[in-house]
Each structure stands twice: as structure tokens, then as C-alpha cells.
Amino acid sequence: MIYVAHTAHWQFLGLMTGFLAWILTMATAGLNEWRLWYVADVPVITSDVAWVGIWRACFYSHVLPETETCQSISISDTFVPPEISVAQVLMMLAVICGLVGNISAAVAMRVAYFSVEDRRNIRLVFVLAGTLYLLTGMLSMVPLVWNMNSVLKNSTIDFPPELYLPTAPVRQKVGSAIGVGMVASIMMLISGVTFLCYRYAWHSLSSESLRDNRDPLHDPWKVTTLAQKSEFPNGVRLGQDNPAFHMEEVGKT
């Protein structure tokens, strides 16, 4: 039987990294601090700072000075720039792909550590987990880089008057959500490469099991029979009935 549990320790670490990266990806999608807008001469915003995320824009107002006032941003709103609309879709896809990737990675580790009876699908689950991790990292990386580029260019957003936000800030900075998302994307990519680099995902186990004749689960049974006649050097024959027994049986009859 082929023992491969000791070969998957790095992949186990990749599973832990991927799970942590998935949590950070969900946090990134929900955080408001994608962009920090510094505004001036806006009487409603007393903090002079507005936090613009992909789902809502928030600020502190003199009406409720201790409560954050948030205005929702929908993909159907006409004022929403394309980088925010794309981010809403891709971040949700990244969360879903990350969840499926973690499930696939957990199944892959179970196959490597516990499923000693049948490892025919070990290549499929490891490659699937690595591919989903890479896809998750790329799906989240695209909107993060796009929005960061918009912040560096000081791009504007034509907010409607009912949101109490100016169309252009005095200046803006990259928010902490983008930094968290970039870390999560890099961790996802590392996890994906770790699973794809697992050597048993590319080398068939059947070729190695043929070299281990003691494993009936990976190698067909070998039927062996004793020779009917065998003779030792001293002339003793094995594999034949003793004639004396036949003579004794005939006498009794």
C-alpha cells in the first residue's frame, strides 16, 4: 500500500492559508474602506472624510455625530463607475470560488491522509483545489487593482445630491480594504500553486502501485499454485500421493 500522507504537509498548510485568505476575501468585500475621500465645505459631513466601498458610502454627520451614516450603492445605479460595478460581481464570485476551493482542498487532504483504500481521484481533487484557489485569487485581484488605480488617478464619482457626497474629493487615498484584499489574493495564489505542485497530482499512483505486489487494493491479486511435482536433491518427491496409502485402502475394501 502506498503511503502518501507524509508528502502532503505543505498542502495541508496551503489549505489553512486558503481558508484564512477566504475569510479575508469576505471581509474585503464587506468593508467600506476601499477609498478614503477627503472632502471640504460639505456641511453634512462633519468628519471631513468619507469612506467609499463597493456596496455603500459612509461618513459621520452632525445629525448623528456618534453614528456612521451610510448610503447604499447598487449595481443598477447609473452613477456607479464601472470599477465598482465589476468589483461587486467579481468579489462575490471570488467568495463562491473560494468556498468551493476550500471544500475541494479539504477533500484532497482527506484522500491523502485517510482514504488509503482508493486514491484514484487524488489527481482530480488536488488539481481542482489548486485551480479554484488560483481563480479566486485572480477574481479578487482584478477589482482591487482597478479600484486602486482609480484612487491613484483621483477619479471622481457622480454621486446624486441625496447621498450628500461631492462628485470629486479634495484628495483620496487607498483604503485599508484594498490592502487586506491584496494580502488575501496573494495568499490564495500561493495556496493554489502549492496544491498544483503536489507531485502525486501529476504522477499516476497506478504506476507506483504496480511495484508494490503486497497491495491488493492497487494491484490485482496474483494467484499462485503449488507445483504438482517437486523433487529435492535427496530424491524425495513432493506433490504425489504415497502409494502405501492406496494399498492400505485397497486392502480394507
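Start by selecting arginine 35: its relative accessible area is 0%, so it counts as buried (under 20% relative accessible area; exposed is over 50%, partly exposed in between, with a 1.4 Å probe and protein chains only). This is a predicted model, in which local features need pLDDT of at least 70, side-chain atom pairs count only at pLDDT 80 or more, and totals for chains, interfaces and linings use all residues. Residues are numbered from 1 along each chain as its sequence is written, and side-chain values use heavy atoms, with hydrogens and water left out.

**Stop 1: the salt bridge**

Arginine 35 lies in strand S1, glutamate 83 in helix H2 (residues 82–113), and 48 residues separate them. Helices (H or I, at least four residues) and strands (E, at least two) are DSSP runs, numbered from the N terminus. Glutamate 83 is buried too, at 6% relative accessibility. A search of the whole structure finds one salt bridge.

**Stop 2: along strand S1**

Select tryptophan 37 and phenylalanine 159. Rings of Phe, Tyr and Trp (its six-membered ring) pair if their centres lie within 6.5 Å; planes under 30 degrees apart are stacked, over 60 edge-to-face, the rest tilted. Tryptophan 37 sits in strand S1 (residues 35–38), and phenylalanine 159 in the loop between helix H3 (122–152) and strand S5 (171–174). Tryptophan 37 is buried at 0%. Phenylalanine 159 is buried at 5%.

Now pick tyrosine 38 and arginine 171. The charged end of arginine 171 sits over the tyrosine 38 ring, 4.1 Å from its centre (the test: NZ of Lys or CZ of Arg within 6 Å of the ring centre and within 35 degrees of the ring normal).

**Stop 3: the aromatic cluster**

Select Phe126, Tyr133, Phe195 and Tyr198. They form one aromatic cluster. The structure holds seven aromatic pairs.

**Stop 4: the cysteines**

Select cysteine 58 and cysteine 70. A disulfide joins them, S to S 2.1 Å (cysteine sulfur atoms within 2.5 Å). The link is right-handed, with 110° about the S-S bond. Cysteine 58 is in strand S3 (residues 56–61), cysteine 70 in strand S4 (residues 68–72). Is cysteine 58 buried or exposed? Cysteine 58 is buried, at 0%. Cysteine 70 is partly exposed, at 35%.

Finish with cysteine 97, buried at 16%, and cysteine 197, exposed at 57%.

Definitions and conventions:
Salt bridge = Lys/Arg side-chain N within 4 Å of Asp/Glu carboxyl O.
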